[in-house]
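Welcome, and thanks for taking a look at this one.

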Amino acid sequence: MRSGKSVQDDAAKTWTLAGRSISAIQQTAALGIALVWHYAGKTERRLLSPDTPLVVGRAVPAALCIDDRTLSREHARFLLSRGRVWVDDLGSKNGTFLDGRRVSRAGIAIGDEVVLGSVALRVQAFGAGGESLDLEGEEKLLRRVEDELTRARHFRRPFALLHVRMSAAVTAEGWINAVRACLQPVHRVALYGTCAAHVLLPEAGAEEASRTAQAIAASFVGSDARLLVGLALYPDAGSTADEVFAAAREAARHASPERPVACGPAATSVLAREEPEEGGIIAGQQMREVLETVRRVGASRIPVILHGETGTGKEVVARMIHEGGPRKGRRVVRVNCGAIPKDLVESTLFGHERGAFTGALQQQKGVFEEADGGTVFLDEIGELPPPAQAALLRVLESGSFSRVGSSREIEVDVRVVAATHRDLEAMAASGAFRADLYYRLGGVVIDIPPLRARTDEIEPLARHFLRAASAANGRHVEGITPEALALLCAYAWPGNVRELRNVIERAVVVTPGALVGLEDLPPRVRAAAARGESERPADRGTDAELGGAPPDVAVFCPTPSAPKEAPPEGGRVRGKVQQYEAKLLQDMLETAGWNRTEAARRLGIPVRTLSYRMKVLGVKRPSSR
Ligand SMILES: Nc1ncnc2c1ncn2[C@@H]1O[C@H](COP(=O)(O)OP(=O)(O)OP(=O)(O)O)[C@@H](O)[C@H]1O
């Protein structure tokens, strides 16, 4: 619990996010921010004073001298300012490195390490009593979550991720200390901006994670601000780090002072009922074609398979199909076929009677019964175990099923939409998935391209996420600088739209200004773009700051609306993007000796999509022209 002091005591020290012109880290938790380094067998530290530069070098006049030959006399300057630690290389001989990249100026997060010559200095946070708060850099926590996922998958063990945030855009000193006090050394914490944090609980199951989350929520209670906690549990929360982070953040959004702990999605969840859902953005040519198909299939009952990489928007499209048809207003029940323990798949889908198996303490309806009159969204269908595949086929053929432990036939009227990132067709051909089920489910197969193949959508999607995150966090972030936007467009987005959303939401929380700049993007995005892992799209001009007039964007709302006509500028930009895409396909095909299967593999898209785009864009093998 927060000790002694009242919120009034702290009134002079509270600060608002909207007007944060002062040192955010310093205000956050009476934190001491220090440089910590290990040299000649000793670990030392030096506190950074806000807005007071500290020059590190080998000898005076550097204020902090480390007698190492790889350091220049005055090697680098550190400054704690506007809620960040900044490092400037002072023209050193051996360089200043962040994440293995030589930098002349960079912002450093708490927990991050900077290397001067061959001396590593870590930025660390210390509590009022001088104790290390053991905070990690966000990237390091991300890597830990990835490691946890691998371990959890391999050994079938649980883990949890918490997203902790302040309920109001006001914070007071002490909350990070309060959170740390609820945790054990094995738990890892990264500050996410200055009014939110992520907490990784390795090996924690539902009960332990919920206990810890409740303790955190109760650890800091002010009159108008308190801690809210979103809890994401593996495997329900998803199978990639991006999904787990998004689930925890989404859960935190649903927490409130009255209900300060909220859980992320369960393996099954109701996506839509009467209330309208947040619309999806359809802005690019390729997604307009997807939207056309969605409109065509929406009115019918034909089963649909959505195929695309993780985070491309399959669930968003599933909802569009549901909302675009006569079942609109009824339930969409989603089930993540990959997140249900094998022995429970059938009871999850079809329900069970009391006593049907150990632990079946009461009768329970399954997903198909819950969705009667609406849509069942079978996510990760490729992970469905063979016995459940057989049972699902029976339902699709007969329209009826029976609960586990009962022989009574139940009839339901549901539409089935399935999604997968796997090549189901190939799985069916090799026998890894029932071919008869594949053909039953795939009345129509819709390919959702990865974000890197629809770069024309990056800007409008980023704009959309920026607006939503600004509103949700009580921030007034108005746009993105052209440099940061160029970087977003150059990045390859392995986690697709979900990753873009995570990156923008993070940037909105951490930026001290009104525009998201380069420094507000995670190091991995900056580093990948700097390494040139993806080419930039055509020149986007200088008026590309988000917050201006939207380009060619259609917002799919529950009430279908026709896409807006492209304004002339939108057309020009689209033309450039198509040129860029055509060149990308041509280059990749050249590299692959015009072997389409190989080129598609390298691009990360199905061969069918590659062939289609080649046709649309007029990409042909030179000799056949
Ligand atoms: N067109 C879009 N407009 C707005 N938001 C989108 C769009 N596409 C995806 N998103 C957002 O990106 C995130 C991932 O989308 P979604 O869950 O639909 O992807 P998915 O392909 O189903 O992922 P997975 O395969 O991992 O389940 C969600 O937060 C979603 O709201």
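Is F401 buried or exposed? F401 counts as buried, because its relative accessibility is 5%. Keep in mind as you read that this is a predicted model, with a mean pLDDT of 80 for the chain. The points below start with confidence, then turn to strands, rings and some local details of the backbone.

**How confident is the prediction?**

- A pLDDT of 70 or more is reached by 81% of the residues in the chain, and the chain mean is 80.
- Of the chain's elements, strand β4 (residues 54-57) has the highest mean pLDDT, at 96, while strand β1 (residues 15-16) has the lowest, at 26.
- Residues 273-277 have a pLDDT below 50, and this stretch makes ten contacts in the model beyond near neighbours in sequence.
- Another stretch, residues 533-574, stays under 50 in pLDDT, and the model gives it 86 contacts beyond four places in sequence.
- As for the overall scores, ipTM is 0.99 and pTM is 0.71.

**An open sheet of five strands**

- Look for five strands in the order β5-β4-β6-β7-β10, which form an open sheet with mixed pairing.
- At the edges of this sheet are β5 (64-65) and β10 (105-108), each of which pairs on one side only.
- Strand β7 (residues 84-89) runs antiparallel to β10, and four bridges join the two.
- The loop between β4 and β5 holds P61, and the peptide bond that joins V60 to P61 is cis, with omega about 15°.

**A covered strand and its parallel partner**

- Strand β23 (residues 332-336) is mostly covered, with five of its five residues buried.
- In a regular strand, side chains alternate between the two faces of the sheet.
- In β23, V332, R334 and N336 point one way and V333 and V335 point the other way, and all of them are buried.
- Strand β24 (residues 375-379) runs parallel to β23, and five bridges join them.
- The loop between β24 and α10 (386-398) contains E380.
- Phi of E380 is near 55°, which is a positive value in a residue other than glycine.
- E380 has a relative accessible area of 13%, so E380 is buried.

**Aromatic rings and their neighbours**

- How many aromatic pairs are there? The count comes to six.
- One of them is the tilted pair of F350 and F401, with 5.4 Å from centre to centre and 35° between the planes.
- This pair links distant parts of the chain: F350 belongs to helix α8 (residues 345-350) and F401 to strand β25 (residues 400-401), and they are 51 residues apart.
- F350 counts as buried because its relative accessibility is 4%, and F401, at 5%, counts as buried too.
- An edge-to-face pair is formed by Y491 and W493, with 4.6 Å between the ring centres and 90° between the planes.
- Both Y491 and W493 are buried.
- Ring pairs also join F350, F368 and F401 into a cluster.
- Away from the ring pairs, you can find R45 over the face of F126, at 3.8 Å from the ring centre.

**Local backbone details**

- Which loop holds W493? W493 sits between α14 (482-490) and α15 (496-510).
- W493 has a positive phi, near 50°, in a residue other than glycine.
- With a relative accessibility of 0%, W493 counts as buried.
- A cis peptide bond also runs from Y234 to P235, with omega near 5°.
- To find P235, go to the loop between β18 (227-234) and α5 (241-254).

Conventions
Residues numbered from 1 in each chain as written. Heavy atoms only, no water. Phe/Tyr/Trp six-rings, centres within 6.5 Å; stacked < 30°, edge-to-face > 60°. Buried < 20%, exposed > 50% of the residue type's maximum accessible area, 1.4 Å probe, protein only. Lys NZ or Arg CZ within 6 Å of the ring centre and 35° of its normal. pLDDT = per-residue confidence, 0-100. Contact = heavy atoms within 4.5 Å. Pairing = 2+ DSSP bridges.
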